[in-house]
Amino acid sequence: MKATLAMLLLGAISAVPACEEHQHVASSAAAVSGESLFQLAVPLTDQSNQPFKLGQAGKKATLITMFYGDCNISCPIVLENVKRTITQLPAAQRGAVQAVLVSLNPGVDTAKSLAALAKVHQMDERVYRLVVSDNDLHTRQLAATLGVKYRRGANGEINHNTRFVVLDQRGQILSASDILSVEPDLRLLADLQTLLAH
Amino acid sequence: MKTATACFAFVLGCLHAADYVPIAGGTLRTALPLDGETVPVAAFQMRSKPVTNAEFLLFVLANSEWQRRNAPTLYATNAYLSQWRSATDFAPLPPNAPVTNVSWFAASAYCASEGAALPSWTQWEFAAAADAVRTDARHDPAWRAQILGWYEKPSVESLPDVGLHPANIYGVHDLHQLIWEWVDDFNGLFVTVDSRAQGEQKVLETCGAASLSLGDKENYAVLMRIALLAALNGQDSVGSLGFRCVKPAQ
């Protein structure tokens, strides 16, 4: 009986760190509600090495996709698609859009490499933000909310689907396209224009 | 009063601290090859049993943002914990039955609260390849038949308790024959080629012929798990889908 009690107490003492972790998580999480992607607490850094939060710019629309810097196959097409989508908007509407390109490759893509990529592709930072998170779990959380699937190969390549998502001013998904092409998806473009016209 | 409740939860949580067992790791012949038929799996620790209703209740009591009325739809659909009587009462379900109807986001947050994470697909597959005496029993037709037998049983209204099936060689229970389980990279399954081949990929994802790109085609039990997980969104909750967590090796 004594031995059992001692074991119980010992168990309680040795498990204290686990309980501290419980409380830490409880205090760091904020109360959020709804479908808005703006409530995502995933830490992101942009090409200017500044912390970035979805929705912070207060733009009328956000066009968001995921890619990675070393990708020579589909990613140049993804970048070109985003550029052409923005370019096809009337000039007066472009200022009301933020294009967010999120890296699938934290740890490899950095603010510096993203800045270089933005320069090569002539992406104006007032419109285009190339961002990367701090780890794979956070990246996967963002991907899961967008419907992006990806898998990392042993050789460093990342296999992923292509998805362009339009968020409205409240961070709700308004339109999405899975078509990989340098040309904009006309339905998504129309949805974006309708949103901006209102 | 608040302190008293916290202390109560604290003591319960500590006395029932989850049991993690070491898994040595090694080379896995995976059912989901990407580049090469095998993948290296580093040593890790795995929860010996899936997370139960009682354990998940402690989590939602300590983290009220994960109670079903508070969890945002971005992270959990209306089905989240819908079989519980209330946001903080799992009745009529038994305390030691595995918790199900939890979204990937909720499962992931639970594991983080234990200083752990959801297993990757290959970690789960590695642990689940074992039986009571072998680290890889998958080539044994009798073992496969036994697991497949689970799928033939009519589903029961209430899931049995965790830990009733014998442990495998690592001391892990219930990897088969009880529930489906979330993995960390559920949204990475089936993506076997780069997005140039997207048209073909889409066909494979929807027509069920995706096993063409899978290794180990005879292992239906594992393929069914992959198919289920690949069809899910992170917000989804399913009545037969629960989870367990893993930690780095000590």
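Predicted model: local features only at pLDDT ≥ 70, side-chain atom pairs only at ≥ 80, totals over all residues.
Local features here need pLDDT of at least 70 and side-chain atom pairs count only at pLDDT 80 or more, while totals for chains, interfaces and linings use all residues. Residues are numbered from 1 along each chain as its sequence is written, chains are lettered from A and ligands numbered from 1 in written order, and side-chain values use heavy atoms, with hydrogens and water left out.

View 1. A nonpolar core is a set of buried Ala, Val, Leu, Ile, Met, Phe, Trp, Tyr and Cys residues joined through side-chain atoms within 4.5 Å; buried means under 20% relative accessible area (1.4 Å probe, protein chains only). Helices are DSSP runs of H or I with at least four residues, strands are E runs of at least two, and both are numbered from the N terminus.

**View 2. Around B:Y80.** Skipping neighbours within four places in sequence, B:Y80 is in contact (heavy atoms within 4.5 Å) with residues including B:F56, B:W66, B:R68, B:N101 and B:S237.

**View 3. The loop between helix 2 (53-62) and helix 3 of chain B.** B:P92 sits in this loop, joined to B:A91 by a cis peptide bond with omega about 5°. B:N101 is in the loop too; its phi is positive, about 60°, though it isn't a glycine. B:N101 is buried, at 8% relative accessible area.

**View 4. B:D174, another non-glycine with positive phi.** Phi is near 65°. B:D174 lies between helix 5 (141-152) and strand 5 (180-181) of chain B, in a loop, and counts as buried at 2% relative accessibility.

Technical notes:
Buried < 20%, exposed > 50% of the residue type's maximum accessible area, 1.4 Å probe, protein only.
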